[in-house]
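Here are a few friendly notes to go with the model you are looking at. Please read them with the structure open beside you.

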Amino acid sequence: MKVRLDPEWSLLLEQYKGDHQDRRNQLTHMVGIPMILASLPLAISIVGLPVAVGLFTVGWGFQFAGHAFEGNDPAFFGDRRNLVVGVIWWAQKSGLIELEHAVAA
């Protein structure tokens, strides 16, 4: 699936990539992001809530461990939009989406 990013979001993604250069950080994010994403729909039911809490907590643990390797703070500390940018980054790295970058007018 192709996703078109406007210039602003293209810049956010490039900045995000710059904050995630360490291979260990990238690997922890490749594990942590899908765990966090999987926890969200599970959290809406009482039955799935305990599993969701575990996935969410461990997923964020992977994220923070990765930033310990990288030696920087998570990107969303500076701009909350990076929570979405991280998902875009992961989806592209996983081959789920192909990105097109719009050119500024």
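1. Axes are lines fitted to C-alpha atoms, for helices over the stretch in contact, and angles run from 0 to 180 degrees between N-to-C directions. This is a predicted model, in which local features need pLDDT of at least 70 and side-chain atom pairs pLDDT 80 or more, while totals for chains, interfaces and linings use all residues. Residues are numbered from 1 along each chain as its sequence is written, and side-chain values use heavy atoms, without hydrogens or water.

2. The overall layout: the protein has 4 helices and 2 strands (DSSP runs numbered from the N terminus, H or I of at least four residues for helices, E of at least two for strands). Along the sequence they follow the pattern β-α-α-α-α-β. The C-alpha atoms fill a box of roughly 50 × 30 × 25 Å along the principal axes.

3. Now the helix pair. The axes of helix 2 (residues 23-42) and helix 3 (residues 49-70) come within 7 Å and cross at roughly 160°, so the two helices are roughly antiparallel to each other. Their contact has 15 nonpolar, 9 polar and 2 charged residues (nonpolar: Ala, Val, Leu, Ile, Met, Phe, Trp, Tyr, Cys and Pro; charged: Asp, Glu, Lys and Arg; polar: the others, Gly among them).

4. Which residues lie nearest the centre of the largest pocket? They are I33, W60, Q63, L83 and V87, out of 18 lining residues. (On a 1 Å grid over the protein atoms alone, a pocket is an open set of points where a 1.4 Å probe fits, with protein on both sides within 12 Å along at least five of seven lines; lining residues have an atom within 4 Å of a point.) Helix 2, helix 3 and helix 4 (82-93) each give two or more residues to this lining, and helix 2 gives the largest share, 5 residues. By class, the lining has 12 nonpolar, 6 polar and no charged residues.

5. Finally, the aromatic rings. The count comes to 6 aromatic pairs (rings of Phe, Tyr and Trp, the last by its six-membered ring, with centres within 6.5 Å; planes under 30 degrees apart are stacked, over 60 edge-to-face and the rest tilted). F56 and W60 have ring centres 6.3 Å apart and planes at 65°, so this pair is edge-to-face. Both residues lie in helix 3, 4 residues apart, about one turn of the helix.

Terms used. Angles under 35 degrees count as roughly parallel, over 145 as roughly antiparallel, 65 to 115 as roughly perpendicular and the rest as oblique.
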